[in-house]
Amino acid sequence: MVQIGNHLKMTVPQHLRSRTREFYGSVLDCQQLDSARDDSDLYEFAGGCVLGLFFTPEAEAPSETDYLKGLWLELKAADPEALKVRLLAFGVKEVEFPDPTRFFFQAPGGQVFRVAPLDGGI
C-alpha cells in the first residue's frame, strides 16, 4: 500500500514572505509552526498536513506560469463558498478550468489550488 504523506514543500520568491504569512496564517487559518531555518515558514492545516514554504530569490523560484503547468492541490472546506469569498477578498488570482463545481485559484507565489467541500467526492 502507498499513501501520499502529510508534508509538502513549496518554493516561493522571498519578497512574498509577508503576503504568504497573511494568506496561510489569516485567510486559511493555518497554525504557523516553528521552523529551524531562517529561509522557511511552516504551516499546519487542520488534519495535520504540514506545508513548508521555502523562500528564495525570485530568479530561482518557479513562476506563476510554471505552477500552472505543475502539481495542483485541493483545499477542502466545510463552507467552500465562504472560503471563496475570503480568497477573493484577499486578492487571489482565479484560474480558469472547465469544472464549474469548483473554484480554482493561485496562492501568493503561484501555487494552484481548487476548493472543494469536506464531504464531496471527486
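F45 is buried, because its relative accessible area is 18% and buried means under 20% (exposed is over 50%, partly exposed in between, with a 1.4 Å probe and protein chains only). This is a predicted model, in which local features need pLDDT of at least 70, side-chain atom pairs count only at pLDDT 80 or more, and totals for chains, interfaces and linings use all residues. Residues are numbered from 1 along each chain as its sequence is written, and side-chain values use heavy atoms, with hydrogens and water left out.

Which residue forms an aromatic pair with F45? The partner is Y24. Rings of Phe, Tyr and Trp (its six-membered ring) pair if their centres lie within 6.5 Å; planes under 30 degrees apart are stacked, over 60 edge-to-face, and the rest tilted. By this rule there are 10 aromatic pairs. Y24 and F45 are edge-to-face, at 6.4 Å centre to centre and 85° between the planes. The pair links distant parts of the chain. Y24 sits in helix α1, F45 in the loop between β3 (40–44) and β4, 21 residues apart. Helices (H or I, at least four residues) and strands (E, at least two) are DSSP runs, numbered from the N terminus. Y24 is buried too, at 0%.

Now the core. A nonpolar core is a set of buried Ala, Val, Leu, Ile, Met, Phe, Trp, Tyr and Cys residues joined through side-chain atoms within 4.5 Å. The largest one has 25 residues. Those with the most contacts inside it are F23, Y24, L28, L53, L87 and F105. Elements that each supply at least two of its residues include α1 (17–27), β4 and α3 (80–90). Take L28. Leaving aside neighbours within four places in sequence, L28 is in contact (heavy atoms within 4.5 Å) with F23, F45, L75, L83 and L87.

Next, the sheet. 4 strands form an open sheet in the order β5-β8-β7-β6, with mixed pairing. Two strands pair if DSSP finds at least two bridges between them. Why is one side of β5 and of β6 (93–94) left without a neighbour in the sheet? Both stand at the edges, so each has a single partner strand. β7 and β8 run antiparallel, joined by 4 bridges. F104 stands opposite R114 in β8.
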